Amino acid sequence: MMSRIRGLDESPPSEAARIAGLRAVVTDGEIHIVTEAAARIFADLADPQTVNKAKDDGWKAPLWNALSAAGLPLAWVPEALGGSGATLAEGFAILAVAGRFALAVPLAETLAAGWLLARAGVPAPAAPMTLAPVRPHDRILIEADGRLSGRATGVPFAQDAAYIAVLAEDRDRQSIALVDVKDCRLGAGRNLAGDAANVVTFDRMRPLHYAPAPEGFEPLSLPLMGATIRSIETAGALETILSLSVAYANERVAFERPIGKFQAVQQNLARLAGETAAALAVAGSAADTLAQAAAFDEAVFLEAASAKIRTAEAAAESVAIAHQVFGAIGFTQEHILHRFTLRALSWRDDFGSESYWAVELGKRIARRGADDFWPLVASR
Amino acid sequence: MSADLHFDPIRLPPECEALRAQVRAFLAEEIAAGTFDPHEPGRGDSHNRAFSRRVGAKGWIGMTWPKRYGGHERSQLERYVVTEEFRVANAPAQLHFIADRQSGPILLKYAPEHIKHDILPRICRGELCFVIGMSEPGSGSDLFAAKAKATKVGGGWRINGSKIWTTSAHVADYMLGLFRTSPPTRENRRHGLTQFLVDMKTKGITVNPIYQMTGQRGFNEVVFDDAFVPDDHVMGEIDGAWKQATSELAYERSGPERFLETFSLLPELIRALGPEPDLRGAEGLGRLVAQLHTLRRMSVAVAGMLQAGQEPTVEGSIVKDLGTIWEQKLPERVRGLAAFTAPEITNRTTLERQLAFATVLAPKLTIQGGTTEILRGIIARGLGLR
């Protein structure tokens, strides 16, 4: 569907933009059409109440089929490589909506995998995908004949995916490979929210395709992209957490008043709104930066690292406040609150935790020196 | 399924960056000439008439106001750049800043035409200092409990009572103050207050200093003893000041001055940590940078919304709440991170002096211009809880 809304770029992108897969931002109107379509599908087929009550995974196939029919999972794959050729801005907007639904299927992962494969011109299969590595210290090595070895931990939805897009390295350069999940060894594992997060072992296995990463694709390009994606999803989840909490505080009566009338509760909800606002602002800023950037430069680093750090901090604060507002009912399996709170907490660990990025950002700022600090901040 | 909070990723347009370069060059010249020391916040008087006139001559006061009143019809985003560069450099802008941020916009909205033509151009030239007269010994955050009274007489009003915590009153040329013109009604306790423009040279006004715990003379008590204010100095509706207060709040609360008052601690920390900080120093610094970047992006977003003619009252209150809490904790964090720096670092004296200043200053940040509790009440109302 999206390819019909918007085809490939009319003008050829610059060389730097091609490397990063970055293109000019589209208008708000076009973004709105795409997010409306996504929101409709999520509301119909991934309603949090319905999903929370479901006894099995039967809801997942119809949802995935609808997402695929709309061209959403391969939004970031050019039409020539089998995707729907959407812009980065459109994809980020879809992920913001997905975050609001705390989506428990690998949409973000397939989007990101498609984006990664497209960097090296590897065609993307029309199936659920994930990507590896997602933890900063995991390394996957590629040999001269293309065989992959190594281990990636916490790979989201690996057991639910058909393929993995892998960023592999040899001594001095990176390659991007497409791997059949069946050819890897999977260890059991789940994140806090119960979504699969597997240890994937590559035991000198052969990928289906592989190609060198383009010049200018840095070791940090994938983590920065992943950090931005998780930041956007987290901000979306926090938006819903805030809405649910405010609605509950207005409904729930204690001491003969809605609890939202008590100043102590109001102060907490105001803090929750502040944390949500911070997450929305910094994630939105990072997404906008990536969508318009010509390369993964200092500005992208500051924006994406800050987004991951600040949204993770916001998640921790907000989750505590929301659960406090809901009391015991919010701590039950039956209530949907945990779908949002536990995913927001889990996403902190993917593509570098807030501690990891804070160290990396702190080191860079220190290296630039005191006099270059304000000019960098003010340049954004 | 979404909360109604908007922080669009506004980018400063190219004309802002050209302006920023001009502002930096101007401030560098002033520093070189010895007008102020960027490394010594809190030392010396932040009111400097000669400096404010030079700023006015540059066209950086009343930047967004109409040209017919001496303004420059530039954007909120350009004003933002000037404000943040001045703040980061510790430039002594106190003399004109309140007039530029708050008083001028109120005059633009409510003053009679001849008063606008008289006063606004002088503000733009950096000649006038304004003071805000809201709090009283018996009413602070509870603005509508104000008692200082204006009584109708021939040709104007007689004011009696006192205002307190009035920043800059001892140098100010004019006050914009709230005075009681009628008792509150049973239906509306906010009724009965009127906003007046008061010439501080008026007979019957006494300004008593109140020294702050930083040692600075930041604010004062202003006592009115039958001070006369002419009729044309009434700003807006008699008894209806409560209707006029809200739209200015977003300007007042969301600006970069709300989280950059002790900014210079951060470059000092970076200097102290050196180019290769240990893990603890790097992580601590990285978090502070991410938090500051976030605050700034939020603050710029609000400036963009103001420029677009919106009234982001809730968003503005959120920026001030998060910004002041962050800045209040800043000296504590910097102190902790600097605790294990090498004894021979070259800026230890500067860092320690700035830390001492910021630590003592910190408590006021969440009180001035709307306390944390008041801000959160406004945010809660915006969320639909009140």
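How many Å separate the centres of domain 1 of chain B and domain 2 of chain B? Taken over C-alpha atoms, the separation is 25 Å.

Before we go on, note that this is a predicted model, where local features need pLDDT of at least 70, side-chain atom pairs count only at pLDDT 80 or more, and totals for chains, interfaces and linings use all residues. Residues are numbered from 1 along each chain as its sequence is written, while chains are lettered from A and ligands numbered from 1 in the order in which they are written.

Let's start with chain B, which is divided into domain 1 (14-128), domain 2 (132-240) and domain 3 (246-383); these bounds come from an automatic or database domain assignment. Where domains 1 and 2 of chain B meet, 13 residues of domain 1 are in contact with twelve residues of domain 2 (contact means that C-beta atoms, placed from the backbone, lie within 7 Å). On the domain 1 side, helix H4 (residues 94-110) of chain B brings the largest share, seven residues (helices, H or I with at least four residues, and strands, E with at least two, are DSSP runs numbered from the N terminus).

Now look at where the chains touch: 47 residues from chain B and 47 residues from chain A take part. On the chain B side, H8(B) gives the most, with 18 residues.

Finally, turn to the strands of chain A. Strand S2 (residues 140-142) and strand S3 (residues 148-156) of chain A run antiparallel, joined by three bridges (strands pair if DSSP finds at least two bridges between them). Here A:Leu141 stands opposite A:Ser149. S3(A) is also joined to strand S7 (residues 197-205) of chain A, by seven bridges.

Conventions:
Contact = placed C-beta atoms within 7 Å.
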